[in-house]
Amino acid sequence: MGAPGAGKGTQAQALTRRLGIVQVSTGDMLRSAVQSGSELGRKAQSFMRNGELVPDDVIIALIEQRLAREDCRKGFLLDGFPRTLPQARALDSAGVALSAVVTIEVAPGELVRRISGRRTHPASGRVYHLDDAPPQTPGVDDDTGEPLVQREDDREEIVRRRLKVYGEQTLPLVAFYRQQPGVALHQIDGNGTVEEVRGRIFSALRL
Ligand code: AP5
Ligand code: MG
């Protein structure tokens with residue numbers, strides 16, 4: 001968990017590599033559905049464009065299908081899900097036992113700075129930052145050489161909306177997981193370099 005721009009995608013890349021598990025990012029899945037023009041993409045697009053959450057029933061169905069796939073058998077890392085209490089309860093009622101919940105906490109001004117410099121590789125979800133994590137060659141992805149893009153919802157007024165929605169709808173999940181038996185909640189200081197934050201997460205998870 002973490003506010004928009006906190007570094008969920010960035011840290012998920014290091015964690016999934018280390019643990020040999022898949023990253024399940026609802027944001028990336030929705031963006032590729034929008035790109036492909038599927039029915040799900042058409043449903044999700046207007047919510048995402050405006051910085052609102054996609055309705056719970058749509059997201060819960062999407063996650064149920066994704067977690068049933070073979071590559072999730074060894075474990076998975078959820079990035080950007082759950083984001084509301086009904087989503088967290090649906091995960092719980094489906095019998096999905098989370099071993100840990102990590103929240104990345106970053107000062108609001110820094111979130112805006114990170115988001116404005118972000119560039120992404122849509123096909124893989126890899127993220128870069130113009131100043132802090134630039135690609136080897138400007139404008140293109142390190143692994144594929146394909147062009148990097150700026151996300152449509154990274155415009156300033158939409159970012160403000162996304163931050164507000166996070167505070168209202170997602171932040172209450174911290175209290176939910178604090179009292180959930182069997183789940184270790186780790187609240188991580190997300191200020192500092194990518195490597196510093198990664199070190200804090202790895203040591204909290206004893207990796
Ligand atoms: P989603 O794609 O999940 O967006 P988000 O939550 O707003 O988070 P971001 O992806 O913007 O940030 P991040 O924390 O991954 O940061 P990143 O690592 O990229 O969701 C998008 C939309 O989809 C939602 O608004 C909603 O409409 C819909 N949606 C998705 N899931 C949903 C759900 N469950 N329910 C309903 N709707 C849903 O880092 C940001 C930048 O900072 C990068 O440039 C990076 O290089 C840089 N950076 C990272 N860490 C550092 C550091 N330590 N120092 C300096 N720079 C850093
Ligand atoms: Mg992300």
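Analyst: Helices (H or I, at least four residues) and strands (E, at least two) are DSSP runs, numbered from the N terminus. This is a predicted model, in which local features need pLDDT of at least 70 and side-chain atom pairs count only at pLDDT 80 or more, while totals for chains, interfaces and linings use all residues. Residues are numbered from 1 along each chain as its sequence is written, chains are lettered from A and ligands numbered from 1 in the order in which they are written, and side-chain values use heavy atoms, without hydrogens and water.

User: In which loop does Gly145 lie?

Analyst: Gly145 counts as partly exposed at 44% relative accessibility (buried is under 20%, exposed over 50%, partly exposed in between; 1.4 Å probe, protein chains only). Its C-alpha atom is separated by 9.9 Å from that of Pro135, ten residues away along the chain. The loop that holds Gly145 runs between β5 and α7.

User: Which element gives the most to the shell around ligand 1?

Analyst: The shell holds 35 residues, with Thr10, Glu52, Arg83, Arg118 and Tyr128 nearest (near means a heavy atom within 4 Å). At least two residues each come from α1 (8-19), α2 (26-36), α6 (108-116), β5 (126-129) and α9 (194-204). With four residues, the leading contributor is α2.

User: How many residues of the lining of the second largest pocket are nonpolar?

Analyst: A pocket is an open set of points on a 1 Å grid over the protein atoms alone, with protein on both sides within 12 Å along at least five of seven lines; lining residues have an atom within 4 Å of a point. The second largest pocket is lined by 33 residues, with Leu77, Leu78, Ala100, Val101 and Val102 nearest its centre, and α1 gives the most, five residues. Six lining residues are polar and four charged (Asp, Glu, Lys and Arg are charged; Ala, Val, Leu, Ile, Met, Phe, Trp, Tyr, Cys and Pro nonpolar; the others, Gly among them, polar). The nonpolar residues of this lining number 23.

User: Is Thr170 buried or exposed?

Analyst: Thr170 is found in helix α7, and its side chain reaches the backbone oxygen of Arg83 at 2.7 Å. Because its relative accessible area is 3%, Thr170 is classed as buried.

User: What is omega of the cis peptide bond that joins Phe81 and Pro82?

Analyst: Pro82 lies in the loop between β2 and α5 (85-93). The bond from Phe81 to Pro82 is cis, with omega of about -5°.

User: What is the relative accessible area of Arg206?

Analyst: Arg206 lies in the segment after α9. Its phi is near 55°, a positive value in a residue other than glycine. Arg206 is exposed, and its relative accessible area is 77%.

Note on methods:
On a 1 Å grid over the protein atoms alone, a cavity is a set of points where a 1.4 Å probe fits but cannot get out, and a pocket is an open set with protein on both sides within 12 Å along at least five of seven lines; lining residues have an atom within 4 Å of a point. A polar contact is a pair of N or O atoms within 3.5 Å; within protein, one must be able to donate a hydrogen and the other to accept it, and residues adjacent in sequence count only if both atoms are side-chain atoms.
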